[in-house]
Amino acid sequence: MIASLTLSPRHDVFQQTGPARAAASQDGAERQPAGVDGSRLKVLAPAMNQFAIEIRGIEKIYPAAGGNPAVHALKGIDLSIESSKIFCILGPNGAGKTTLITIMSGLLYPDAGMGRVWGLDLLRERRKIRSIVNFASGHANLPDNFTVDETLTYFGMLYGLGRAERLKKRDELASFFELDSYRKIPFNQLSTGLKQRLALAKSLINEPRILFLDEPTVGLDPQVAALIRSRLLQWHREKGITIILTTHQMDEAEQMSDCLGFLNDGRFVRIGNAAELKRGIQFQETITIFGKKLSAASAVLTGIAGVSLISGEQNQLSCRVDSREKRINALIEAVLCSGGIIENLSISEPSLGDVFVALAERPDSD
């Protein structure tokens, strides 16, 4: 996660080293960085379409340092994100989520690949990109001694807002995130939840067309997390902005997202909406049988194709199946033939958490 990067349209806040470093030319334009093989990276032709972000073949390698081996963080990422949608990136720790959104937000150069963000070249127009996007991390890191008002005013100045406009935006965002009672309090005296609400208010000060959120509710109590999700969804509805979100909270991902991508070991292994991702795993539904003398059926169930036993006890038996229509008769027959008595039965669909576990265990999924 990013705890200390602050997105500013006027300054390069990430110093890139190595083969991907790009220096500014004499006329101020950004040069194109070299790829991992030393060749110049290709760029997409200027064009505007329905996609807020289009990237192709994005690679990122962190070189060996301090006795640690090189890390191939991103391995040929292809991704298109429609404008005015919320796209959620899921994946285990170390999958490359933060590296990817840092590249897409213009803070980090890829080592290979090409792309456009809101029609702007990902490699040559990073300053312009940073003026129309913003970023917030779940670990808010803002100037300690700045009050809420001072923080919002300061970042309004960085984004070139005139005095009247930045004061208007300051008041609007403080109210929107329910910070009015804390406006004269320094950042370092705010609670964790208030710090995060301020960080999100700051991230909207320039009314970005694309907002990047790296685990925005991590470590927050359920009430504050729910408030933040509600406010972000309201802003999205009213402003029509595109939101790129990473999270480990499956309920948050399902509630907020139009589309989800599961990233593992530097590659997307599955992209779709929540229903599509659930349908894509082998064992889609859980069947739970309640009754008596059920444990004897456990050994029989393990031999049925398309059935994966979860637990088998005297009074309850649970298993996952690839299709309820195909397997339920065989399950009932197996229980009855082994002397079990069925009193009740329930069927539940897989959760997004089930999808996470299934895909994390199979990084080469297609």
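Colleague: Which residues of α5 meet which residues of α6?
Modeller: In α5, G193, Q196, R197 and L200. Their partners in α6 are V224, L227, I228 and L232. Contact means heavy atoms within 4.5 Å. Helices (H or I, at least four residues) and strands (E, at least two) are DSSP runs, numbered from the N terminus. This is a predicted model, where local features need pLDDT of at least 70, side-chain atom pairs count only at pLDDT 80 or more, and totals for chains, interfaces and linings use all residues. Residues are numbered from 1 along each chain as its sequence is written, and side-chain values use heavy atoms, with hydrogens and water left out.

Colleague: Why is α5 called roughly parallel to α6?
Modeller: Helix α5 (residues 192-203) and helix α6 (residues 222-239) pack at about 10°, with axes 10 Å apart. Axes are lines fitted to C-alpha atoms, for helices over the stretch in contact; angles run from 0 to 180 degrees between N-to-C directions. Roughly parallel requires an angle under 35 degrees. So α5 is roughly parallel to α6.

Colleague: What makes β7 largely enclosed?
Modeller: Five of the five residues of β7 (residues 210-214) are buried, so the rest of the structure largely encloses the strand. Buried means under 20% relative accessible area, exposed over 50%, partly exposed in between (1.4 Å probe, protein chains only). I210, F212 and D214 point one way, L211 and L213 the other. In the protein, buried residues make up 49% of the 366 residues.

Colleague: How do you know that β7 pairs with β6 and with β8?
Modeller: A pair needs at least two bridges found by DSSP. Five bridges join β6 (residues 133-137) to β7, and these strands run parallel. V133 has I210 as its bridge partner in β7. Between β7 and β8 (residues 242-246) there are five bridges, also in the parallel sense. There, F212 has I244 as its partner in β8.

Colleague: Which hand has the β-α-β unit of β7, α6 and β8?
Modeller: β7, α6 and β8 make a right-handed unit. With the strands pointing away from the viewer, the path from the first strand over the helix to the second runs clockwise in a right-handed crossover.

Colleague: What makes β2 and β5 edge strands?
Modeller: The open sheet has four strands in the order β2-β1-β4-β5, with antiparallel pairing. β2 (71-82) and β5 (120-121) each have a single partner strand, so one side of each lacks a neighbour in the sheet. Further in, five bridges join β1 (residues 51-62) to β4 (residues 112-117). E54 has R116 as its bridge partner in β4. Helix α1 (residues 97-104) packs on the sheet and touches β1, β2 and β4; its direction makes about 125° with that of β1.

How values were computed:
Parallel < 35°, antiparallel > 145°, perpendicular 65-115°, else oblique.
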